[in-house]
Amino acid sequence: MQQKIIILDFGSQTTQLIGRRVRELNTFCEILPYNKFPREDKNVIGVILSGSPMSVYDKEAFKIKVSELRGKYPILGICYGAQLISYEGGGRVEPCGKREYGRARLEYVDKQCPLFKGFEDGSQVWMSHGDTITALPKGFKCTASTDDVKYAGFQCEDEEIYGVQFHPEVFHTTQGTELLRNFVVNICGSRQDWSAAAFVETTVKELREQLGEDRVILGLSGGVDSSVCAALLHRAIGQRLTCIFVDHGMLRKNEFADVMKEYEGLGLNVIGVNASKKFFRELAGITEPERKRKIIGAGFIDVFDAEAQKITDAKWLAQGTIYPDRIESLNITGRTIKSHHNVGGLPEKMNLKLCEPLKWLFKDEVRRVGHQLQMPEKLINRHPFPGPGLAVRILGDITPEKVHVLQEADDIFIKGLHKWNLYDKVWQAGVILLPVKSVGVMGDERTYERAVALRAVTSTDAMTADWARLPYDFMAEVSNEIINNVQGVNRVCYDISSKPPSTIEWE
Ligand code: XMP
C-alpha cells in the first residue's frame, strides 16, 4: 500500500511548498482542490488543510465540512486551515485589525503536544494572516502562543486534530520541518518509504505492465524532465522506445549536437530532426510574443507528427509532464499570464494513448530519479529552458542572424557561470537580445550596435524568482568578453527585476 497524505488546497501561495516538505520526509502526498477529497482512497493516512488569501467570513470563501473528516484521519490545519477548523467547530475567528506578516517567536509552547515535540522556547515562526482565532471550539486547547497571537497552535483534546496559525512549510519557520515530521511520521504513522529508488523500482514494473509489448514515442527537448522520462522508459522497455528531438533552430549554441551525443550515450534510440528552415520561414516578420509561441507550438506538432507517423506501430505517446504542471491550482484571479503549453493537443491529434510516468514528481525529485538512473550530471543539472527557446529571448522579429548573435553571447554567459562555479547556484540564466541600438566606441571608431541583457535568477519552482546577486567581477568579465567577441553587440545590461511583478523570460 502506498501511504499518502492529502493536502487540501484553499488557494495559498505556499500550498506546493507544503507538498514538497512532506515529500522531503519520504512520504507521498497529493495536493487536491479543497473540495476534491478522495473519499474512496484507502491509502490516505492524514490530511493537511492549507492556507488561503481569503477570510472564513468571505461570502465566496472556500469551505469544507471539516466534521466529515474528523475521526477518520489525523488533521492539521495551517493558517486559514486552522481558522476553518476552529470556525467550523464553534470557535471564534476575527480580523486582526492589521495584517500580521513576518517573523514571530513562540513565547509559549506545550511540549507535551505531539505536534510540538522537540520544540524550543522562543522558536521562530513565519506569520501571514489577516484574521486570527479569538476563541477555540469546546474540547480544544491552546498549544502555542506568540506575543500577538494567543492561539498560534491548538489541538483537540481527544482527537488527532491540530492547527497552527503560522506557516511551518516556509524556510523562516526554523522548526517547521520538525513540526511537519511530528505530524506526518509520529501522528499519521508514515513509514517514510517514498524514495527515488523505490519510485524507479515500482514505476519500471508498472510501465512494463502498462505497456506490454507496445511501442512508445517520446518528444525530447534536452531538458531534465523529458530526458529523465526517456531514461526511465528506456529502463522499462528498452528499444521499444523511440525518441524524437526537434531542432527548431532556436536552441543554444551547439545544443542540438551536444544533447544528441548525451542521449546516444544513454543508449536511447533517438531521431534528431533539423527543422530550423521551416521555423525561420514561418516566424519571419512576427514580433508579437504570443504569436511566436503559437507558431512554434504548431510547427513543433507538425514536425513531430510527421516523424511519428513513420513509426507506424506506436501506441503510446510519453511526456515528461511533472506534478507542478498538473496541479489544479486554485488561481484566485482566474487569469493566465503566459501560455507555456508547448505541445498541448498533440496526444489527441495523434490518436495515441498518453504515458506520463513523472506526473507525481516535483522537479527536485525528477533530478533524484535521474541520479538513481545514473544519468550524466550534465543532463540532470541543466537549467530549465523555454520550449520556444531563444525565440522568446529575441525581442521583436526573429532572423537567423539575430539567433546567431544571441547564441554567441549566451554561450559566453553560460560558460562563464560554469567557470566561476556559479551555474548550479542559479535556477536559470540566459541572455536577451534587445531591439535597441546604442552608441559606443571601439578603438577610434564610433559604433552603433545592439544591446543585450543578462538574466540570472534564483528560484525553487519558477513560480517566484529573484535576480541572482552575481559577483561584480564575474559580470565585468562576461561583459568584456561579450562586447569584445560578439560582433554586433556593444552594450551589456543586467536585469534586476524579480518575479513577480516581472517574469523570468522577457516575452
Ligand atoms: P516565466 O517567464 O513565466 O517562466 O517566469 C517561468 C518558467 O517557465 C519557462 N518558460 C517556458 N517553458 N515553454 C516552456 O516549456 C514556454 O513557452 C515557456 N515560457 C517560459 C521559463 O524559462 C521559466 O523557467
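This is a predicted model: local features need pLDDT of at least 70, side-chain atom pairs count only at pLDDT 80 or more; totals for chains, interfaces and linings use all residues.
**Entry 1: a helix over a sheet**

I began with helix H5 (residues 224-237), which lies across S11, S12, strand S14 (314-318) and S15 and runs at about 160 degrees to S11. My angles run from 0 to 180 degrees between N-to-C directions, with axes fitted to C-alpha atoms, for helices over the stretch in contact; contact means heavy atoms within 4.5 Å. Helices (H or I, at least four residues) and strands (E, at least two) are DSSP runs numbered from the N terminus.

Residues are numbered from 1 along each chain as its sequence is written, and side-chain values use heavy atoms, leaving out hydrogens and water.

**Entry 2: the sheet itself**

In what order do the 5 strands of the open sheet stand? I read S13-S12-S11-S14-S15, with parallel pairing; two strands pair if DSSP finds at least two bridges between them. Strand S13 (270-274) and strand S15 (353-355) are the edges, each pairing on one side only. On average, neighbouring strands here are turned by 30 degrees against each other, direction ignored.

I then looked at S11 (residues 215-220) and S12 (residues 241-247), which share 5 bridges in the parallel sense. Leu218 has Cys243 of S12 opposite.

**Entry 3: the cores**

Which residues touch the most other members of the largest nonpolar core? They are Ile217, Phe413, Leu417, Leu470 and Ile482, out of 51 residues. Such a core is a set of buried Ala, Val, Leu, Ile, Met, Phe, Trp, Tyr and Cys residues joined through side-chain atoms within 4.5 Å; buried means under 20% relative accessible area (1.4 Å probe, protein chains only). Helix H13 (residues 400-419) gives the most to this core, 8 residues. Domain 2 (196-380) and domain 3 (399-494) both contribute, so the core lies between them; the domain bounds come from an automatic or database domain assignment.

Beyond its neighbours within four places in sequence, Phe413 is in contact with several residues, among them Ala429, Leu454, Leu470 and Phe474. A second, separate core of 42 residues includes Leu218 and Cys243.

**Entry 4: strand S1**

Last, I checked S1 (residues 4-9): 6 of its 6 residues are buried, so the rest of the structure largely encloses it. Lys4, Ile6 and Leu8 point one way, while Ile5, Ile7 and Asp9 point the other. S1 pairs in the parallel sense with strand S3 (residues 44-49) over 5 bridges, and Lys4 has Val44 as its bridge partner there. Another 5 bridges join S1 to the parallel strand S2 (residues 29-33), where Ile5 stands opposite Cys29.

Note on methods:
Buried means under 20% relative accessible area, exposed over 50%, partly exposed in between (1.4 Å probe, protein chains only).
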